[in-house]
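Hello, and thanks for sending this one over. My notes follow as numbered points, starting from the core and working out to the loops.

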Amino acid sequence: MRVSRDMFDLSGKVAIVTGGSRGIGKAICHGLATFGAAVTVAGISPGNEDTARQIRESGGRAVYVPCDVSKPDQCRNAVAQAVATFGRLDILVNNAGTATVDPAEAVSEEEWDRVIGVNLRGLFFMSQAAARIMIERKTGGRIINIGSIFGTVGSEIGASVYHASKGGVMILTRALACEWAKYGILVNTIGPGFIKTEMTRSIEEVPELYRLIRDRHALKRFGVPEEIVGAVIFFASDASTFVTGQNLYVDGGYTVW
Ligand SMILES: NC(=O)c1ccc[n+]([C@@H]2O[C@H](COP(=O)([O-])OP(=O)(O)OC[C@H]3O[C@@H](n4cnc5c(N)ncnc54)[C@H](O)[C@@H]3O)[C@@H](O)[C@H]2O)c1
């Protein structure tokens, strides 16, 4: 195996990213395109279409496909559209996610179903749809899940359902890595710390809570979406051909204490 700068090159690769309208997903879409991949931006809001357009305007290849990941038929459709447009599928980034902040004793059944439905069930059926194509075509591929530090550590902020969903993502990653290794499909998770996005805006607006959480990161700050991209490129590229079933924390040291 030759070691060169090209090992991070994604030219000729085709990726799907869920939830690419803003925040971490948007940065990932732009990052994959920068490294040469064609990107299908799959999501529920018009912002996804904007991301695809911006990539095209910068000379990259991208399309938007409407997809609510909590609906398995829409996951299968997004994968079919990506393959119909770009001819193959190499990389799936399961980024779409939602959160709820509610004390555990007040959580409703609807809240539970909504968060688990997107973060865990949606991620599973999106992965299944992508893997079916990769298996059928014998191409192998990469599945990159956006988990969270909250898949490992608890908190007192009323995020029990979110914790459960992300903990599920971490063990699901390992299970799928084991099952699909024989097809050349590598499955890994990235575990971000707190990143400045819409999802964390309400925390930043409460100074006492913001300082408390900020200072749990060894680096004493929140990250920004672009700081997740390097890990995605690593997992998507030839730089990680011997890595599967792993979680890489990109968390400013939240979990190192
Ligand atoms: N921001 C953080 O601090 C942080 C930390 C750890 C993990 N994460 C994870 O990173 C991912 C991205 O989060 P973010 O901070 O950019 O949040 P965000 O709220 O800014 O973006 C979430 C994206 O997911 C999309 N989405 C939500 N439900 C969907 C559905 N049913 N189908 C398709 N798309 C859907 C949204 O439209 C949006 O594009 C999530 O999985 C989140 O759990 C975020």
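1. The largest nonpolar core has 71 residues, and L32, V39 and V232 have the most contacts inside it. A nonpolar core here is a set of buried Ala, Val, Leu, Ile, Met, Phe, Trp, Tyr and Cys residues joined through C-beta atoms within 7 Å. Helix α4 (residues 109-136) gives the largest share of this core, nine residues. Helices (H or I, at least four residues) and strands (E, at least two) are DSSP runs, numbered from the N terminus.

2. A word on the basis of these notes. This is a predicted model, in which local features need pLDDT of at least 70 and side-chain atom pairs count only at pLDDT 80 or more, while totals for chains, interfaces and linings use all residues. Residues are numbered from 1 along each chain as its sequence is written.

3. What does V232 touch, not counting residues up to four places away in sequence? Its partners are I28, G31, L32, V93, I144 and I190. Contact means that two C-beta atoms, placed from the backbone, lie within 7 Å.

4. L123 lies in helix α4. A residue is buried if 20 or more other C-beta atoms lie within 10 Å of its own, exposed if 12 or fewer, and partly exposed in between, with C-beta atoms placed from the backbone. Leaving aside neighbours within four places in sequence, L123 is in contact with N94, N145 and V169. The C-alpha atoms of L123 and N94 are separated by 6.0 Å, although the two residues are 29 apart along the chain.

5. Helix α4 also packs against helix α3 (residues 72-86): their axes come within 8 Å and cross at roughly 35°. Axes are lines fitted to C-alpha atoms, for helices over the stretch in contact, and angles run from 0 to 180 degrees between N-to-C directions. The crossing is right-handed, meaning that the near helix is turned clockwise from the far one by less than a right angle. On the α3 side the contact is made by P72, C75, R76, V79 and V83, and on the α4 side by F125, M126, A129, A130 and I133. By class, these residues divide into nine nonpolar, no polar and one charged. Ala, Val, Leu, Ile, Met, Phe, Trp, Tyr, Cys and Pro count as nonpolar, Asp, Glu, Lys and Arg as charged, and the others, Gly among them, as polar.

6. Which residues come nearest to the ligand? Of the 29 around it, they are G19, G23, A96, G97 and T197. A residue counts as near if its C-beta atom, placed from the backbone, lies within 6 Å. The shell has 11 nonpolar, 15 polar and three charged residues. Helices α1 (23-34), α4 and α6 (198-204) each supply at least two residues of the shell.

7. N95 sits in the loop between β4 (91-94) and α4. Is N95 buried or exposed? N95 counts as buried because it has 27 C-beta neighbours inside 10 Å. Not counting residues up to four places away in sequence, N95 touches V17, T18, G19, I24, G25, I28 and I146.

8. Phi of K138 is near 55°, a positive value in a residue other than glycine, and K138 is in the loop between α4 and β5 (141-146). K138 has 8 C-beta neighbours inside 10 Å, so it counts as exposed. K220 has a positive phi of about 55° although it is not a glycine, and K220 is found in the loop between α7 (207-214) and α8 (229-236). With 11 other C-beta atoms within 10 Å, K220 is exposed.
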